[in-house]
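Subject: Handover of a structure and findings

Dear colleague,

Please find the structure below, together with its sequence.

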Amino acid sequence: MTNNTIKSILYGILGSSILLGIYFAILTLVSGWSFAQNQFATYWYFIISLVVGFGIQIALYQYIKGLVHSGRGMGKVVGVSGTTSTVAMISCCAHYLVNLVPILGVTGLVSFVAQYQVKLFWVGIFFNVAGIVYMVSRIIKFKKQP
């Protein structure tokens with residue numbers, strides 16, 4: 001394995017760990033540690049899929065960056081799909097924010113997110129897969145160049 005590959009894998013693991021940490025931090029702050037554990041136990045297959053997909057994208061981005069010394073705009077793909085992953089993961093507890101921010105009038109938005117949480121998980125997974133496919137195609141295209 002090259003130094004670039006190892007560095008990319010480490011960045012991917014770090015990115016996944018940070019995203020999972022954000023997930024648990026937000027759920028714990030909103031509803032407590034036991035609720036966070038319960039939500040993770042209920043939706044672990046979605047959450048792990050999103051976290052792993054995000055980590056793969058970070059690793060691929062770092063790999064490409066190491067190959068061409070610039071992301072050629074792929075940071076936007078990672079940003080969009082990473083944000084979607086985070087939103088989808090947090091959506092499983094968003095309806096509990098109603099207890100914290102009733103004055104701000106976001107009840108409708110939070111209710112919407114809570115109502116469609118599983119669909120949002122699927123949207124996040126779709127964006128993860130799309131981001132991975134795009135970056136892999138860029139690597140293949142780059143490696144085919146003389």
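I begin with helix α5, which covers residues 117–144. At 1.5 Å a residue, its 28 residues should span 40 Å, and the end C-alpha atoms are 41 Å apart, which agrees. Please bear in mind that this is a predicted model. The buried residues of α5 are Gln117, Phe121, Gly124, Ile125, Asn128, Gly131, Ile132, Met135 and Ile139.

Aromatic pairs

A search of the whole structure gives 9 aromatic pairs. One of them joins Phe24 and Phe40, with 5.3 Å from centre to centre and 45° between the planes, and is classed as tilted. This pair links distant parts of the chain, since Phe24 belongs to helix α1 (residues 3–31) and Phe40 to helix α2 (residues 33–68), 16 residues apart. Phe24 has a relative accessible area of 16% and is therefore buried, the limit for that class being under 20%. Phe40, at 22% relative accessibility, counts as partly exposed.

A second pair to inspect is that of Tyr43 and Phe121: the ring centres lie 5.4 Å apart and the planes stand at 40°, so this pair is tilted. Here too, distant parts of the chain are linked, with Tyr43 in helix α2 and Phe121 in helix α5, 78 residues apart. Tyr43 is buried, its relative accessible area being 16%. Phe121 is buried as well, with a value of 0%.

Both of these residues also belong to one aromatic cluster, which is formed by Tyr43, Trp44, Tyr45, Phe46, Phe121 and Trp122.

Which residues make the nonpolar surface patch of about 530 Å²? They are Met1, Ile6, Ile9, Leu10 and Ile13. Of these, Leu10 lies in helix α1 and, at 54% relative accessibility, counts as exposed, because exposed means over 50%.

Ser16 is also placed in helix α1, but at 13% relative accessibility Ser16 counts as buried. A polar atom of the Ser16 side chain lies 3.4 Å from the backbone nitrogen of Gly55.

With kind regards

Methods:
Residues numbered from 1 in each chain as written. Predicted model: local features only at pLDDT ≥ 70, side-chain atom pairs only at ≥ 80, totals over all residues. Heavy atoms only, no water. Helix = DSSP H or I, 4+ residues; strand = E, 2+ residues; numbered from the N terminus. Expected span 1.5 Å × (residues − 1). Buried < 20%, exposed > 50% of the residue type's maximum accessible area, 1.4 Å probe, protein only. Phe/Tyr/Trp six-rings, centres within 6.5 Å; stacked < 30°, edge-to-face > 60°. Patch = residues over 30% accessible without salt bridge, like charges linked within 9 Å, V, L, I, M, F, W, Y side chains within 5 Å. Areas by Shrake-Rupley, 256 points an atom, 1.4 Å probe, with all protein chains shown as cover. Salt bridge = Lys/Arg side-chain N within 4 Å of Asp/Glu carboxyl O. Polar contact = N/O pair within 3.5 Å; in protein donor to acceptor, adjacent residues only side chain to side chain.
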